Amino acid sequence: MCCHSQVTVMVGSKMSVPLVLVVVLSVLLAGASQAGPEMDPYKILGVTRSASQAEIKKVYKRLAKEWHPDKNKSPGAEDMFIKITKSYEILSNEEKRANYDRYGQTDDTQPYGSSRYGHRHDSFYFDESFFNFPFNSKNHRDFTDSRYILHFNQYVSDVVPDSYKRPYLIKITSDWCFSCIHIEPVWKEVVQEMEGLGVGIGVVDVGYERRLANHLGAHRTPSILGVINGKVTFFHYAVAKEHLRQFVEDLLPQRLVDRVTDKNDLQFLNSWHELNKPHVLLFDQVPVVPLLYKLTAFAYKDYLQFGYVDQGLSETADLQKQFNINTYAPTMLVFKENIDKPADIIQAKGLKKQIIDEFMSNNKFLLAPRLVNQKLFDELCPVKQFHRRRKYCVLLITGDEETFSLGNQAFLSFATSNAKEVIRFAYVYQRLQQPLCDTLVQNKDSTQSHPQVLILERRNTAGKALYKPVTAWNGSEEDKQRLSEELERLQKDPSILVHDAMLPELNNEFASMFVIRWVYASCDYLSEVIDDILHNNWREMMPLLSLIFSALFILFGTVVIQAFSDSSEEKQTKPKAKDGSKAENGSSGANSASSRPPKKNFVEVTELTDITYISNLVKLRPGHMNIVLVLTDASKNILLSKFAKEVYSFTGSLTLHFSFLNIDKHSEWMHTLLEYAQDPIQIDADEDDGGNHKKDYTGFVLALNGYKKYLCLFKPVYTGEDLDNKSSEDEGGTAGGRLRPGPRDDHPPRKSNRSRSMSTLQIHHKLDRLGLWMERLMEGTLPRYYIPAWPGLEKITPGK
């Protein structure tokens with residue numbers, strides 16, 4: 001409006017018309033330059049508009065290394081690195097790239113996809129400057145939301161794996177969402193509190209990440225959902241701070257924290273040996289377990305066992321007195337092998353998450369834990385990375401019988417008094433980890449009655465390790481002295497580890513607890529389903545309801561069909577009995593070759609073309625195979641006839657489909673397919689004659705598994721049998737039925753028996769051993785050639 005008023009005044013003062021036009025144009029050009037894009041991603045990356053994704057990615061990696069602020073100390077390196085990253089973000093996303101190519105707009109100048117979400121109406125485009133409402137557009141989005149914006153790839157690669165350690169609270173919003181404005185104050189307050197407790201926060205804008213919103217099942221805005229253990233749960237209540245806090249607490253699994261009193265404290269602490277974990281006790285005066293403590297228990301559930309002591313209860317007075325607990329501040333104790341004295345303690349008013357995380361990380365393992373699975377072994381005895389970061393494991397191979405208890409206690413006592421950063425102590429039960437013990441123990445007979453101690457250093461993730469047996473261990477002072485001397489030598493000379501071995505993967509001794517965890521997970525899932533039904537969240541429940549009704553429909557339909565089929569079979573029993581002798585005398589040899597009698601009196605063979613290629617191969621259902629005969633126009637009738645006879649006895653299998661491929665039209669596809677195979681030289685050894693002539697694939701049969709992407713190959717073998725027998729079978733008749741080709745099968749005129757040449761008979765005998773090959777295919781004994789992807793039939797087929 002200011003520009004307009006200035007122009008009016010100038011006109012009133014008798015300013016010349018050309019000068020007015022110049023002023024107006026300059027104002028418009030200045031506004032256009034301010035509204036234009038701030039950068040050109042193509043120029044920044046130095047690529048053309050026709051550059052492929054592979055080229056863009058290659059250039060981005062090179063430029064990112066060159067301009068990374070850690071490596072490039074020039075003043076403008078950081079800004080240039082940000083521009084390079086932003087340009088790659090635009091060009092690597094096909095939708096954003098297309099948006100920039102069409103409108104010359106980046107995310108910094110225009111909300112992405114704005115032409116589809118609220119800006120276009122009929123044939124008019126509205127400028128956002130006319131509507132300065134505080135909507136959730138990217139130009140006006142609150143900084144709090146901008147920090148937590150999620151993309152699909154980020155959700156899959158980061159959020160889902162991290163949700164097994166902490167829950168996520170995600171808000172679904174969109175541009176021009178009036179209801180989203182009302183929940184913003186509550187959302188900000190909850191985010192500030194939950195993030196301080198360790199809860200992950202995310203925001204999904206439907207206008208920019210509709211794919212992620214559909215993946216989460218969010219079909220309306222605003223919505224709030226939680227993600228834990230990769231599972232999505234929707235929030236159904238009024239958006240209030242107390243409700244959202246309770247929602248996050250309900251996301252956590254039950255039985256994370258045990259209630260400990262004077263009656264069950266010994267039972268709780270003594271379970272360290274069974275669970276092979278340190279135990280943590282929190283003393284506090286609040287009657288409910290704090291949410292921060294629950295979140296900590298969920299994050300470290302694989303390493304620690306958690307208990308809570310309510311100081312306000314009279315049943316916990318003896319426990320507080322025993323450990324001299326201060327009632328004015330929360331106190332956290334960690335117990336390891338010694339349950340009478342805590343191994344570590346922290347006490348402070350208002351425990352912070354950072355302090356608790358550091359406390360838990362320093363006490364994740366027992367002083368001498370038992371190796372119960374490979375994950376624990378990898379963390380206790382990590383692979384050597386650098387010379388100064390070497391980690392050595394002192395391993396006791398022992399038994400779990402009572403006779404070994406004294407030696408095990410002596411080993412624990414030695415580990416307690418020799419705690420060093422570079423040395424970890426652990427023990428293993430030979431009965432439960434027999435493969436590992438057999439690899440490390442040389443004299444296996446002696447270890448059946450005597451435990452043994454050895455020093456171990458892992459060298460790589462494949463299992464290579466260096467070790468040295470130290471002594472047969474019975475817990476005596478001499479054994480302790482010998483082990484102490486060896487550890488001192490190891491600090492000075494690591495080359496004393498003279499033996500090497502490839503360690504097998506450890507058995508998971510807690511695998512039997514999977515059933516219990518599955519039962520708990522099932523109970524939690526059922527409770528969520530009931531909760532969804534009570535809140536009428538029908539749109540999210542549609543997949544489950546569809547599955548239930550489909551199962552009921554299939555069950556009901558099966559019962560009805562079975563009832564009608566039983567009555568019809570009874571009627572047909574007598575006629576079939578009369579014709580039984582005729583059927584036995586008239587059965588062919590082809591039918592007796594297979595245990596599955598064919599259900600049809602014909603073989604349906606369809607042509608494999610660019611139209612049927614997707615349905616007959618690429619999207620073939622799991623467990624199904626397509627048997628493809630390779631032929632030419634000249635050999636079409638003869639090979640199809642022979643093919644029908646050989647495979648007729650296998651038509652009873654519902655998982656087999658039969659097709660033929662015209663090599664005259666699709667020879668390039670055949671070459672490409674065999675090049676994808678693992679050993680194309682072996683496949684084509686007898687067809688390759690130094691490249692002097694074109695390979696002949698006539699009579700080849702391919703068994704193609706579209707789902708698992710592998711093929712089995714039949715190469716014709718000429719037997720020379722029945723050269724003089726020119727029966728009517730060569731005319732195209734089938735032993736068990738007739739051939740019925742597909743709708744695209746146009747047969748040329750057939751030749752008579754008298755006009756056949758020797759080459760025709762050779763073509764006929766190319767499929768003599770196909771029946772035996774089919775038997776081996778059904779048995780699964782044929783070699784398989786796996787390919788990365790099926791070649792496109794329509795792209796490499798020459799026009800003919």
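**Cysteines, cores and a surface patch**

Let's start with Cys 712, which sits at 3% relative accessibility and so counts as buried, the cut-off being under 20%. Keep in mind that this is a predicted model.

**Cysteines and the disulfide**
- Searching the whole structure turns up one disulfide.
- The partners are Cys 381 and Cys 393, with sulfur atoms 1.6 Å apart.
- Their S-S torsion comes out at about -105°, so this disulfide is left-handed.
- Cys 381 is in the loop between helix H17 (374–380) and strand S12 (392–398), while Cys 393 belongs to strand S12, so the bond ties together parts twelve residues apart in sequence.
- Cys 381 is buried, at 3% relative accessible area, and Cys 393 is buried too, with 3% relative accessibility.
- Cys 437 also counts as buried, at 1%.

**Nonpolar cores**
- The largest nonpolar core takes in 64 residues, and Leu 169, Tyr 293, Phe 306, Met 332, Met 360, Leu 440 and Leu 456 have the most contacts inside it.
- Helix H14 (residues 291–299) is the top contributor to this core, giving six residues.
- Apart from this core there's another, of 27 residues, including Met 625, Leu 640, Phe 658 and Leu 777.

**Surface patch**
- Out on the surface, Ile 548, Phe 549 and Leu 552 make up a nonpolar patch, together showing about 320 Å² of accessible area.
- Leu 552 from that patch is part of helix H22 (residues 538–578).

Note on methods:
Residues are numbered from 1 along each chain as its sequence is written. This is a predicted model: local features need pLDDT of at least 70, side-chain atom pairs count only at pLDDT 80 or more; totals for chains, interfaces and linings use all residues. Side-chain values use heavy atoms; hydrogens and water are left out. Patches are made of residues with over 30% relative accessible area and no salt bridge: like charges are joined within 9 Å, nonpolar side chains (Val, Leu, Ile, Met, Phe, Trp, Tyr) within 5 Å. Accessible areas come from the Shrake-Rupley method with a 1.4 Å probe; for residues, only the protein chains shown count as cover. A salt bridge is a side-chain nitrogen of Lys or Arg within 4 Å of a carboxyl oxygen of Asp or Glu. Helices (H or I, at least four residues) and strands (E, at least two) are DSSP runs, numbered from the N terminus. A nonpolar core is a set of buried Ala, Val, Leu, Ile, Met, Phe, Trp, Tyr and Cys residues joined through side-chain atoms within 4.5 Å. Buried means under 20% relative accessible area, exposed over 50%, partly exposed in between (1.4 Å probe, protein chains only). A disulfide is a pair of cysteine sulfur atoms within 2.5 Å.
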